[in-house]
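Grab a pencil and open the viewer.

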Amino acid sequence: MEKAHDVLIRNLGKHTELAGEDVAEIRALSFTQRDFAPNEDFIRQGDEPEHSALVVSGTVARYHLLGSGRRQYLAFHLSGDLPDSQGLFIDQMDHALCALGPATVAFIPHRELFFAFRRRPTFGMAVWRETLRDAAIFREAITNNSARPMQARMAHLFCELFYRARVAQLVRGNRCRMPISLVQLGEALGMAIATVNRTLAELRRSGAMDLREGELIVLKWRELQRLGDFNPAYLHLKQQLVR
């Protein structure tokens with residue numbers, strides 16, 4: 001497993017040119033690392049944050065907890081992501097974060113991050129850019145869930161997750177780990193479980209993809225991209241992958 005410092009440097013380097021001094025500043029940060037079980041929360045709605053989380057390995061999910069106890073999944077985060085960087089700038093968390101499958105998360109004290117931003121503004125800008133990328137993913141999710149038909153909605157989410165996994169070097173051949181249950185998939189896409197099953201079956205019949213035993217398998221990338229109306233420009237990466 002990569003060290004937390006290396007994971008963060010690799011992730012920020014996807015969209016920001018870091019100088020040697022920025023890298024040294026990151027390596028001087030303190031990280032407290034913890035392993036989490038599937039579905040275990042590590043940030044709860046209403047928490048007053050003092051640390052920022054970095055996903056070292058595994059997949060985590062951001063969700064809103066509704067009054068009824070149901071969840072609305074808002075986004076999924078992979079190795080290298082800073083899923084709660086917004087917590088640097090707000091007093092109380094308005095969402096929660098949990099591990100989807102087994103995950104390792106490192107926590108960085110806010111106090112250290114603010115000191116580092118003053119010394120190396122470029123590093124601060126990179127973390128701010130990370131929050132803007134998160135916002136772009138939220139905007140795309142709103143469009144996806146409200147304006148696209150069911151099959152395109154699911155195909156688009158799979159395209160995004162597979163594309164981001166490729167950027168993070170988490171894809172092996174045409175497969176990446178995606179430990180998401182059908183219930184969680186429905187809660188992310190605003191679909192009843194019957195609709196999830198029917199839509200997933202349609203995508204399987206297209207021959208473009210499969211989802212089995214916690215793995216997302218992309219068999220025909222361009223076909224899946226077409227079905228999902230997927231254009232990765234909203235991810236704001238320095239270099240768009242072409243396949």
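**Exercise 1.** Find which residues lie nearest the centre of the largest pocket in this predicted model.

*Solution.* Start with the lining, which is made up of 21 residues. Now go to the middle: Ser57, Gly58, Ser79, Leu170 and Arg177 lie nearest the centre. Next, look for the elements that give two or more residues to this lining; they are helix H1 (4–12), strand E3 (51–57) and strand E8 (175–177). Of the elements, E8 has the largest share, with three residues. As for volume, the largest pocket comes to about 350 Å³.

**Exercise 2.** Sort the lining of the largest pocket into nonpolar, polar and charged residues.

*Solution.* Take the classes one by one.

**Exercise 3.** Now do the second largest pocket: work out its volume, and which element gives the most to its lining.

*Solution.* The volume first: it's about 280 Å³. The lining has 19 residues, and Tyr73, Leu74, Ala141, Asn145 and Ala188 are the closest to the centre. Then check the elements that each supply at least two lining residues: strand E5 (71–77), helix H4 (121–147), helix H5 (150–167) and helix H6 (182–189). H4 gives the most, with seven residues.

**Exercise 4.** Sort the lining of the second largest pocket by class.

*Solution.* Go through the classes again: twelve residues are nonpolar, four are polar and three are charged.

Notes:
Residues numbered from 1 in each chain as written. Predicted model: local features only at pLDDT ≥ 70, side-chain atom pairs only at ≥ 80, totals over all residues. Heavy atoms only, no water. 1 Å grid on protein atoms, 1.4 Å probe; cavity = no way out; pocket = protein on both sides within 12 Å on 5 of 7 lines; lining within 4 Å. Points joined across faces, edges and corners; volume = space filled by probe spheres on them. Helix = DSSP H or I, 4+ residues; strand = E, 2+ residues; numbered from the N terminus. Nonpolar A, V, L, I, M, F, W, Y, C, P; charged D, E, K, R; others polar.
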